[in-house]
Every structure is written in C-alpha cells, then in structure tokens.
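Please examine the sequence and the structure shown below before reading the explanation. The paragraphs that follow are meant to be read with both in view.

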Amino acid sequence: MPSFDIGVEFEVFCGKCGSGLCLQSHTRYSRTRSLPQVVVDPCSACLENAADDAAEKAREELRQEIAQEGDGVEIRGLRCAKSLMA
Ligand SMILES: [Zn+2]
C-alpha cells in the first residue's frame with residue numbers, strides 16, 4: 001500500500017490511572033506488513049494496586065471463612081484459630 005514515512009511524536013498514558021507511560025513504551029514495525037506498532041509495558045502503579053486489592057480480597061475471604069467456621073478449623077490446609085485472627 002502506498003505510504004509516507006512521517007515522524008510523529010506522541011505521548012502514552014495509562015487508561016486506568018493516568019500515569020505517563022512514555023518510558024515504558026517503544027515503537028516498532030510489524031514483521032509481516034511493516035505497519036507501525038506501539039508496545040506498552042503494563043502500568044506499574046496499576047499492577048501494584050491490583051496486587052494490593054487481590055491481597056486484601058484474599059484476607060477478607062479468609063476472615064469470612066474463619067468467622068463462619070468457628071475456632072480451630074482447618075481452612076485451605078492451614079489450621080486457623082479464630083482467636084489469633086482478631
Ligand atoms: Zn495505571
């Protein structure tokens with residue numbers, strides 16, 4: 001297809017948190033069609049937040065299981081004492 005090779009500068013931002021991702025991005029051309037591509041690494045701030053959210057969700061699930069099962073029960077292979085989780 002006919003084309004022009006024009007230099008274009010642009011900025012990259014995380015669509016979720018708005019962090020600038022220019023330093024975690026690079027451009028290239030596709031091997032098969034030689035079309036311009038942008039490769040962006042995952043946003044580190046969002047990855048950290050997702051890990052924190054997952055850890056908090058897991059803690060909350062365990063709290064609920066312990067609250068429902070009572071003291072001294074085995075949950076997910078661990079012997080849990082409700083009195084130790086307070
Ligand atoms: Zn982000």
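The explanation below begins with the whole chain and then turns to individual elements.

This is a predicted model, in which local features need pLDDT of at least 70 and side-chain atom pairs count only at pLDDT 80 or more, while totals for chains, interfaces and linings use all residues. Residues are numbered from 1 along each chain as its sequence is written.

The protein chain contains two helices and four strands. These elements are DSSP runs, numbered from the N terminus: helices are of type H or I with at least four residues, and strands are of type E with at least two. Read from the N terminus on, the order is β-β-α-β-β-α. Of the 86 residues of the protein chain, 1% count as buried. A residue is called buried if 20 or more other C-beta atoms lie within 10 Å of its own, exposed if 12 or fewer do, and partly exposed in between, with C-beta atoms placed from the backbone. Two residues are in contact if their C-beta atoms, placed from the backbone, lie within 7 Å. Among contacts between residues at least 6 apart in sequence, 22% join residues at least 24 apart.

Consider next the strands β1 (25-29) and β2 (36-40). They pair in the antiparallel sense over five bridges; two strands pair if DSSP finds at least two bridges between them. Within this pairing, Tyr29 stands opposite Pro36 in β2. The two strands form a hairpin, with six residues between them. Of the five residues of β1, the number buried is zero, so β1 lies largely in the open. Likewise, zero of the five residues of β2 are buried, and therefore β2 lies largely in the open.

Ser34 is located in the loop between β1 and β2. Its phi is near 55 degrees, which is a positive value in a residue other than glycine. Ser34 is exposed, because 9 other C-beta atoms lie within 10 Å.

Helix α1 covers residues 44-69, a run of 26 residues. From its first C-alpha to its last it reaches 37 Å, close to the 38 Å expected at 1.5 Å a residue. The expected span is 1.5 Å times one less than the number of residues in the helix. None of the 26 residues of α1 is buried, so this helix lies largely in the open.
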